[in-house]
Amino acid sequence: MEQFTDILNLGNTYFYLGMLNGKAVTSCMTILHEDTSVLEIVATLEEYRRKGVATATIDKALLDLRQKGIKTISLRAETDGIQVYKRLGFKECFVRTVAAYNWKETK
C-alpha cells in the first residue's frame, strides 16, 4: 500500500477503479509525462471478466488522457487482454517474444 501511496503522490499518476454492484472488480493506472502516457496495472477479477467493466474503466482513463492533451499512450498487454485493447483503438506495435536463458549452458 505504501508503494501505491508514493506513486499517487507524484502528481502525474491517476488510478481508476471499476465497480460492479458496489464491488471493486477492475483497476488501471495511468502515468503521464509531457504529451505521453502509459497505461499500467490493468487487472480484473477473473469472475468479472468479459462483462465490459474493464473496457468502461479503461475508456474513462482514455477520455481523461484526451482531455489532458495526451497524444501517445503505450501499454504492455498479456495475450488474453490484447483484443480488449484493440477494440479500444490500440494498435499492436511490437510482437512479444518470450525466451528462456540458461546461465549454466552459456559460457
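Guide: Threonine 26 is found in strand 2. Keep in mind that this is a predicted model.

Visitor: Is threonine 26 buried or exposed?

Guide: Threonine 26 is buried, with a relative accessible area of 3%.

Visitor: Which side chain does threonine 26 join in a polar contact?

Guide: That of threonine 44, through a polar contact of 2.7 Å between the two side chains.

Visitor: And what else is threonine 26 in contact with, leaving aside neighbours within four places in sequence?

Guide: Besides Thr44, the list has Tyr16, Leu17, Gly18, Ala43, Val53, Ala54 and Thr57.

Visitor: OK, charges now. How many salt bridges are there?

Guide: The count comes to three. One of them is between the side chains of arginine 76 and glutamate 40, at 3.4 Å from N to O.

Visitor: Where do arginine 76 and glutamate 40 sit?

Guide: Arginine 76 is in the loop between strand 4 (72-75) and helix 3 (82-87), while glutamate 40 belongs to strand 3 (residues 36-44), so the pair ties together parts that are 36 residues apart in sequence.

Visitor: Is arginine 76 buried or exposed?

Guide: Exposed: its relative accessible area is 71%, and the cut-off for exposed is over 50%.

Visitor: What about lysine 60, which side chain does that one meet?

Guide: Lysine 60 meets aspartate 64 in a salt bridge, 2.7 Å from N to O. Both residues lie in helix 2 (residues 53-67), four residues apart, which is about one turn of the helix.

Visitor: How accessible are lysine 60 and aspartate 64?

Guide: Lysine 60 counts as partly exposed at 42% relative accessibility, whereas aspartate 64 is buried at 12%.

Visitor: Which side chain does glutamate 92 meet in a salt bridge?

Guide: The side chain of lysine 86, at 3.5 Å from N to O. Glutamate 92 is partly exposed at 46% relative accessibility, and lysine 86 is partly exposed with a relative accessible area of 37%.

Visitor: Changing topic. Where is glutamate 34 found?

Guide: In the loop between strand 2 (23-33) and strand 3. At 69% relative accessibility, glutamate 34 counts as exposed.

Visitor: What separates the C-alpha atoms of glutamate 34 and tyrosine 48?

Guide: A distance of 34 Å, with the two residues 14 apart along the chain.

Conventions. Residues numbered from 1 in each chain as written. Predicted model: local features only at pLDDT ≥ 70, side-chain atom pairs only at ≥ 80, totals over all residues. Heavy atoms only, no water. Salt bridge = Lys/Arg side-chain N within 4 Å of Asp/Glu carboxyl O. Helix = DSSP H or I, 4+ residues; strand = E, 2+ residues; numbered from the N terminus. Buried < 20%, exposed > 50% of the residue type's maximum accessible area, 1.4 Å probe, protein only. Polar contact = N/O pair within 3.5 Å; in protein donor to acceptor, adjacent residues only side chain to side chain. Contact = heavy atoms within 4.5 Å.
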